[in-house]
Amino acid sequence: MKSWLQPPRLRIGEESEHQPRHATWLELFYDLVFVVAVSQVAHNLHDNLSLSGFLGFVFLFIPIWWAWIGTTFYANRFDSDDIGHRLLTAVQMVAIAALAVNVHHALGESSAGFALSYFAGRAVLVIEYLRAAKHIPQARKLATRYATGFAIAACLWLLSAFVPIPQRFVLWGLGLLIDFATPLTAKQLQQGLLPHPEHLPERFGLFTIIVLGEAIIAVVDGVSEQKWDIQSAIAAVFGFSIAFSLWWIYFENIDGSSMRSAGATGRFSIYNVWLYGHLPLVIGLAATGVGVEHVVSSEAGVAMPDAVRWLLCGSVALCLLSLGILHRTGVIFKCKVRTKYRIGAAAAVLVLAIAGIGWPPVVVIGLVAIVCAIQVVQDLYQSGKLTLE
């Protein structure tokens with residue numbers, strides 16, 4: 001930290017884009033609170049394996065994810081390591097921690113606390129954008145637009161805490177809609193203020209690591225709840241294999257080339273695909289971890305329950321489908337062949353969900369793991385790193 005107090009600075013532009021840029025220690029520390037928040041919302045899904053439980057999980061996951069997105073995009077453009085930014089980040093961390101505390105009954109008795117926590121985090125982000133608008137003239141219009149849109153949405157969340165359910169959730173949905181729409185309405189204002197092409201992929205990768213970590217935790221938790229036997233051990237290995245394969249096919253293909261080409265050609269749409277295209281992927285990854293835990297901790301020799309089978313297969317299919325779309329749009333390595341493989345694999349996993357009625361858990365998770373592993377082999381073969389000679 002060069003000085004105790006300094007105004008926000010512009011961290012993007014032609015000169016900045018050619019300089020190496022990585023996540024700061026503060027950003028990495030900030031991510032820790034989201035490890036807790038994702039774990040807590042995943043725990044909700046673990047306790048309610050049903051369609052309504054999954055929809056509730058998605059409804060609560062989105063504000064957590066969007067809170068992380070807001071801070072990440074602000075830091076990408078305007079990060080300054082001064083005491084003001086550090087303290088505001090600390091307040092945001094407290095707000096997200098409160099969000100995690102209230103998530104267990106966020107669709108019931110704790111919904112007011114959940115709403116107030118989200119409002120607090122967004123209010124801090126609005127303050128940061130107002131600081132940027134004040135001190136950075138060339139970004140004033142963009143920062144003001146973001147501050148205005150996010151403030152309106154935050155006020156709806158604040159108001160929701162004082163109205164009854166289900167009207168409260170209607171205001172949540174409206175607030176999220178305004179939050180999501182705000183970046184879309186600022187397309188022209190982003191000219192010359194595009195996100196840093198190196199920093200943003202790294203940050204998205206780090207959040208992906210957070211949700212992948214849920215699958216690893218799930219394997220450990222599932223095994224710890226079981227007496228060691230051959231089937232639970234095999235299921236644990238398959239569960240880890242699924243997480244490892246999904247990690248491989250995402251991180252082997254991610255880079256900042258699409259960002260750099262978008263900056264050169266003025267294709268603003270690629271940033272929106274980056275922003276919104278990762279949402280179904282991280283939802284699927286987090287839900288996959290819950291499904292893996294149920295499978296690993298299930299009783300050997302008993303048919304897999306329908307809810308667990310659909311959660312595991314549906315979540316992995318959602319991950320694969322999302323990766324296929326990201327391949328197709330060029331957010332990650334643009335490749336029609338890999339797009340077809342990902343979508344085909346998603347379809348295959350869904351077939352397992354339909355056909356696997358009465359199958360033992362270790363068989364279902366084993367077949368899902370094989371489908372995912374085939375994606376790794378295909379990528380290696382296509383890239384020339386694996387030959388059949």
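Buried means under 20% relative accessible area, exposed means over 50%, and partly exposed falls in between (1.4 Å probe, protein chains only). Keep that in mind for the tour. You're looking at a predicted model, where local features need pLDDT of at least 70, side-chain atom pairs count only at pLDDT 80 or more, and totals for chains, interfaces and linings use all residues. Residues are numbered from 1 along each chain as its sequence is written, and side-chain values use heavy atoms, with hydrogens and water left out.

**Stop 1**

Select Ile 216, which sits in helix H8; helices are DSSP runs (H or I, at least four residues), numbered from the N terminus. Ile 216 counts as partly exposed because its relative accessibility is 34%.

**Stop 2: Ser 245**

Stay on helix H9 and pick Ser 245. This serine counts as buried because its relative accessible area is 4%. Next, show Ile 370: its C-alpha atom is 9.5 Å from that of Ser 245, though the two are 125 residues apart along the chain.

**Stop 3: the salt bridges**

Side chains of opposite charge can pair when their charged atoms come close. The whole structure has 8 salt bridges, each a side-chain nitrogen of Lys or Arg within 4 Å of a carboxyl oxygen of Asp or Glu.

Start with Arg 203 and Glu 27, whose side chains meet at 3.4 Å, N to O. Arg 203 is in helix H8 and Glu 27 in helix H2 (residues 25-47), so this pair ties together parts 176 residues apart in sequence. Both Arg 203 and Glu 27 are buried.

Then select Arg 122 and Asp 179, a salt bridge at 3.3 Å, N to O. Arg 122 belongs to helix H5 (residues 111-135) and Asp 179 to helix H7 (residues 167-184), so parts 57 residues apart in sequence are tied together. Arg 122 is buried at 2% relative accessible area, and Asp 179 is buried at 0%.

Last, zoom to Arg 338 and Asp 379, with their closest N and O atoms 3.8 Å apart. Both residues are buried. Now put Asp 31 on screen with Glu 27 and Arg 203: salt bridges that share partners join these three into one network.

**Stop 4: the largest cavity**

The structure holds 5 cavities of 30 Å³ or more. (On a 1 Å grid over the protein atoms alone, a cavity is a set of points where a 1.4 Å probe fits but cannot get out; lining residues have an atom within 4 Å of a point. Points are joined across faces, edges and corners, and the volume is the space filled by probe spheres set on them.)

The largest cavity has about 140 Å³ of space. Select Phe 73, Arg 77, Tyr 146, Pro 183 and Leu 275, which lie nearest its centre among 14 lining residues. H3 gives the largest share of this lining, 5 residues.

Methods: Helices (H or I, at least four residues) and strands (E, at least two) are DSSP runs, numbered from the N terminus. On a 1 Å grid over the protein atoms alone, a cavity is a set of points where a 1.4 Å probe fits but cannot get out, and a pocket is an open set with protein on both sides within 12 Å along at least five of seven lines; lining residues have an atom within 4 Å of a point.
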